[in-house]
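Dear colleague,

Please find below the sequence and the structure that I am handing over to you. My notes on what was found follow directly after.

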Amino acid sequence: MDSARPGRHPDNERPRGAVPADADPLSGAEGDGDAAPPGSGRLRRRGQGELEAQVLAVLRSANGPATAGWVQEHLEGDLAYTTVITILSRLYAKKAVTRSREGRSYTWTSAWDEAGLAALRMRRVLDGERDRDAVLARFISALSPGDEERLRVLLARADAPDDPGNLRDTEGM
């Protein structure tokens, strides 16, 4: 073990340049990294964003604002309270949750439903690109004919000023 870096065991290291079988080729994100063999008693490693999604699902199941302790109790697995606070804080920074001061701590609420969160992720991706026209053109060209027609209908509805279902009035979108 003298040749290994401190805190690392050479048997646990992936060879340089090796790509895990569960890597996502489009995003570059690795999958769930499930390195623990079944029945080994070790917890599997969560995938990117999986814990955030679980926290959001728990928050949406609450009957109103929830404390971090309540979220911790309703999550699967034994997560530390500090881990739950960290995830909630990251979600707050991403504007996926809101928080209100209650005494010395906060209560948390999901800011969006699932469709709203997906739209927020799509908007962030678009905002991160230089050539928005090219990105939007490629997105539209990749749509199925049915989805393209849905998009046309939604855009027409969004442009109708007297339509009560006007989509441009939805929470800052």
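**Notes on the model**

Asparagine 63 counts as exposed, at 84% relative accessibility; here exposed means over 50% relative accessible area, buried means under 20%, and partly exposed lies in between, with a 1.4 Å probe and protein chains only. This residue lies in the loop between α1 and β1. The C-alpha atoms of asparagine 63 and threonine 109 are separated by 9.7 Å, and the two residues are 46 residues apart along the chain.

Before going further, please note that this is a predicted model, in which local features need pLDDT of at least 70 and side-chain atom pairs count only at pLDDT 80 or more, while totals for chains, interfaces and linings use all residues. Residues are numbered from 1 along each chain as its sequence is written, and side-chain values use heavy atoms, with hydrogens and water left out.

**The chain as a whole**

The chain has six helices and three strands. These are DSSP runs numbered from the N terminus: helices are H or I with at least four residues, and strands are E with at least two. Along the sequence, the pattern reads α-β-α-α-β-β-α-α-α. The chain has 173 residues, of which 20% count as buried. Its accessible surface comes to about 13200 Å², and 51% of this belongs to carbon and sulfur atoms; the areas come from the Shrake-Rupley method with a 1.4 Å probe, and for residues only the protein chains shown count as cover. Among the contacts in the chain with a separation of 6 or more, 33% are accounted for by residues 24 or more positions apart, where contact means heavy atoms within 4.5 Å.

**The sheet**

In what order do the three strands of the open sheet stand? The order is β1-β3-β2, and the pairing is antiparallel. β1 (66-67) and β2 (97-102) are at the edges and have a single partner strand each, so one side of each is left without a neighbour in the sheet. Two strands pair if DSSP finds at least two bridges between them.

β1 and β3 (residues 105-110) pair over two bridges in the antiparallel sense. Tryptophan 108 in β3 is the bridge partner of alanine 66. Helix α1 (residues 50-61) touches β1, β2 and β3, and its direction makes about 90° with that of β3. Helix α3 (residues 81-93) touches β2 and β3, and its direction makes about 115° with that of β2. For these angles, axes are lines fitted to C-alpha atoms, for helices over the stretch in contact, and the angles run from 0 to 180 degrees between N-to-C directions.

β2 and β3 run antiparallel and are joined by six bridges. Valine 97 stands opposite serine 110 in β3, and tryptophan 108 in β3 is the bridge partner of arginine 99. The hairpin of β2 and β3 has two residues between the strands, and in it glycine 103 takes a positive phi near 70°.

Neighbours within four places in sequence aside, threonine 107 is in contact with Pro65, Ala66, Thr67, Thr98, Arg99, Ser100 and Glu102.

**A loop residue with a positive phi**

Most residues other than glycine have a negative phi. Lysine 95 is not a glycine, yet it has a positive phi of about 65°. Lysine 95 lies in the loop between α3 and β2 and is exposed, with a relative accessible area of 59%.

**Two helices in contact**

Helix α4 (residues 114-127) and helix α5 (residues 132-141) pack at an angle of about 135°, and their axes are 9 Å apart. That makes α4 oblique to α5; angles under 35 degrees count as roughly parallel, over 145 as roughly antiparallel, 65 to 115 as roughly perpendicular and the rest as oblique. Met122, Arg123, Leu126 and Asp127 in α4 meet Arg132, Val135, Leu136 and Phe139 in α5.

Yours sincerely
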